[in-house]
Amino acid sequence: MTFELSEDILEAILNTGKETVKVSNLEDLAHGDTEGLSKAVTCLKDKGYLTESGDGLSLTDKGTVKAAQVARKHAVLTSFLTEVLGTEPDHASKEACLMEHSVSSETIERLDTFLEKRGPRHKTGRGRPWGRHAAHMEMSSSQEHEGHARLTKRNPIVSLSECEEGSLLHVSMIRCFGKHSRLIDLGVIPGELITLRRKLDNNAVVITVKGCDIALSPEVAENIMVERCNTQ
Amino acid sequence: MMRRAVLIGNPSVGKSLIFNQLTGLGVEVSNYPGTTVGLMTGIVRYNETEFSLTDLPGIYSLSGKSDEEKLVREYLITGDADLIVAVLDAKHLERNLYLLLQAAEIRKPLVIVLNMMDDARSAGKIIDADALSKKFGVPVIETIATEGKNLEKIADYVIGDELPVPIIVPRYDHHIEAAAKSLQKFHNLSEAESMFALENVSLSSLSPEVMESAAAISSEIEKRHMMSPEQIIGANRHNTAKAISEEVTTLSPQKKRRDLDSLLTRGFPGIPILIITMVGILAVVFLLGGFLEGAIISVMTTYLLDPFHALNLSPFFDTVGSAVILALMSGLGIAFPYVFLFYIFISILEDTGYLTRAAFLADRGMHHLGLHGQGLIPLVLSFGCSVPAIMSTRFLPTRRERVIASVLVTMLPCSARTVVISGIVASFIGFGAAFSIYGIVFILVFVLGCVLSRITPGEQYGMILEMAQLRRPIPKYVVRKAWMRVSEFLYIAMPLLLISSVFLGIFEYLGLVTMFESFIDPISTAVLGLPGFAFTALMFGILRKEMAFETLAIMGGTTDLASILSSSQLYIFALVCVLFVPCISTIAVLMKEIGVKAAALITVFTLTLGISLGALLHFVFMLV
């Protein structure tokens, strides 16, 4: 119980998209069991997933990674339930909430590959090729799906310049790769989790990758395609 | 035989600090053949043994295309280093491991230096150095370079009996591994060479045939994976780095730190802070620099030049000797007040990490001029003195940007040119006229920037810049860094200044200057409307810009310039002086930084621009 609750807490904090969250806002997760909640929070702090300050709880880097893993499991399971089994989206999301705690990472990877192999209509872009052509293909396919809540609950792939300050993002691909090979050196590769620290009004950005802050020109930022890391 | 060690690592991991502490100040700066990248080599004496230590430029990867990356790659593969000292920032271990994995693959003796252990600890990261050492099969030294802690252990390993070779093998995709194996077998390559070949990275030891067959295999792999081998290998290395870093690092809850970046990198108040900082530095250097320069010149005049004249040597030696003293005065008069002060400030900005924030904010404005955020620094510096400004262009990532910035820097009015403008135009014509000269120069710089950004060859890359950690600068290192740059300036500019002054002195002695004056007089009067002596004064301005002003007064025989030249003549004189030909020191630095050809082109261009604009103005004034 505590284990599932812990994962739910991390996921919930990530989903708010805020730096800090008050403990009182998490009470729904524990279904009234406030003692269990505070026990779980203490445990998470001990393990270095959370830190507590005056304004509430916030995720550490380690906690963010863990939370994103849980969120990803949730997203993949929801897709599987809606796309393959035809479950109603709301129900699928609830089911996924229960399953996400016990499913292994390997199963999730296999499920993800399975979903991707089901044909071009269901491509969602995770771990996809980075070429320009592929980028266009995926953009159009994800746009095609936007009206079909039943088909996918994944977040659309957008360019880094379209995201908001403070969001946690999953790098999907890099367009015009040859021009930006330095990005690989700095660790901006597909599959990497990055945080958008700062965005100026001309779309110049600062991102955090592997604990380092990196400033990017607008023309570089628009070539980095990302997926927002949150679930509905 | 003296052992040779090289330092490699990411930018700003404290490599140079380690280098400086181990070698002291007796450092030789040399250019690696075929590049303009400076290599620093010093001799370390430790326990009665000597070894040489070379500081290679900071890079993120060995596979890149920049000059620095090429240099380090060649140096490690083909160079004769006995030991690679890989410096890592412990706080950002995972990112730093990427380069280390690449360096380890070369299979040359290596030791790992985990620097900034104090920072890592305060960030809540505890690193198990023994576990890391076992993984790589080489020793790991934990250091805190700012405190000089454990640096002597590096020296112990360099002169030690054992030179350990790393054993780690990153896990690559099996297609990549198979391809690398077959390349190694058929072309007799090392592991590292086969990887470079697959990544399509040039290396002098790889023949065109090898590159061709690697390219064939690469395209096969690319078809299968829909991803180029370069990207696959990069991702594989990152995964290995991540796994190692997670294995050896223990996270503990960290203290919440104050986030100054919320002030520094936002449009507001970031941009006002940036403007205040830059204008403030400029003002301080300008005022303090002007004062110091005056002091140095007057002290040297009283204690060197006047006593020298008093020796009553033969006219030849007197002329040549005073020319040499004048050159010394110009060199030192620029070096200490301007170059040194500027570098003190720049080193502070650099060491605090503010410079990268400034570059981020300035990126947008710089785009119009064909530059990126980093280009702000040379342009701001150029208002003080072109010399440090051009030296600072080496922080720019591409040659294209370095060339554009150098051209713009030579055009912008430095403090010496401001002396000319204020001394001639503002005092004899008026403030409006003085500002109009600034106006003309700024318009020219802007137009030139727009044009250059279109015509300069070379690929345009966006800015990808790591934000340095914000930290408190250590005065000792700030001064030392500034000092090293001043000595570099003296080393570059002094010989040229001395030689050209001696020649000028000889010309003056032989009466060539008067001959030149009578020869140039008709041309100068026709084209610029200036008498011959004014043009000669302009020529002296090449030595040091404000000398044009001083020489004009000497040659005219009066300090009341309005009595010898009309307002329009003074205006033309100032404008031509500001625009045409950078001073000798600037030309010297241009040659060093962007090559003789480009320096010559810039000189000819500014000469033509200055003269033709002066001629145009003369023509317009005649019509009015």
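The model is predicted, so local features need pLDDT of at least 70 and side-chain atom pairs pLDDT 80 or more, while totals for chains, interfaces and linings use all residues. Residues are numbered from 1 along each chain, chains are lettered from A in the order written, and side-chain values use heavy atoms, without hydrogens or water.

Let's start where the chains meet. There, 38 residues of chain A are in contact with 41 residues of chain B (heavy atoms within 4.5 Å). Together the two chains bury about 3600 Å², 58% of it on carbon and sulfur atoms (accessible area lost on being put together, 1.4 Å probe, summed over both parts). Asp185(A), Arg198(A) and Lys210(A) supply 17% of the area that chain A buries against chain B, more than any other three residues. Lys210(A) also forms a salt bridge with Glu94(B), at 2.4 Å from N to O (a Lys or Arg side-chain nitrogen within 4 Å of an Asp or Glu carboxyl oxygen).

Now look inside the chains. The largest nonpolar core has 111 residues, and Phe360(B) and Phe573(B) are among those with the most contacts inside it. Such a core joins buried Ala, Val, Leu, Ile, Met, Phe, Trp, Tyr and Cys residues through side-chain atoms within 4.5 Å, where buried means under 20% relative accessible area (1.4 Å probe, protein chains only). A second, separate core of 61 residues includes Ala241(B) and Ile244(B).

Helix 10 of chain B, residues 229–248 (a DSSP run of H or I, at least four residues, numbered from the N terminus), has 14 of its 20 residues buried, so the rest of the structure largely encloses it.

Key: Buried means under 20% relative accessible area, exposed over 50%, partly exposed in between (1.4 Å probe, protein chains only). Helices (H or I, at least four residues) and strands (E, at least two) are DSSP runs, numbered from the N terminus. The expected span of a helix is 1.5 Å times one less than its number of residues.
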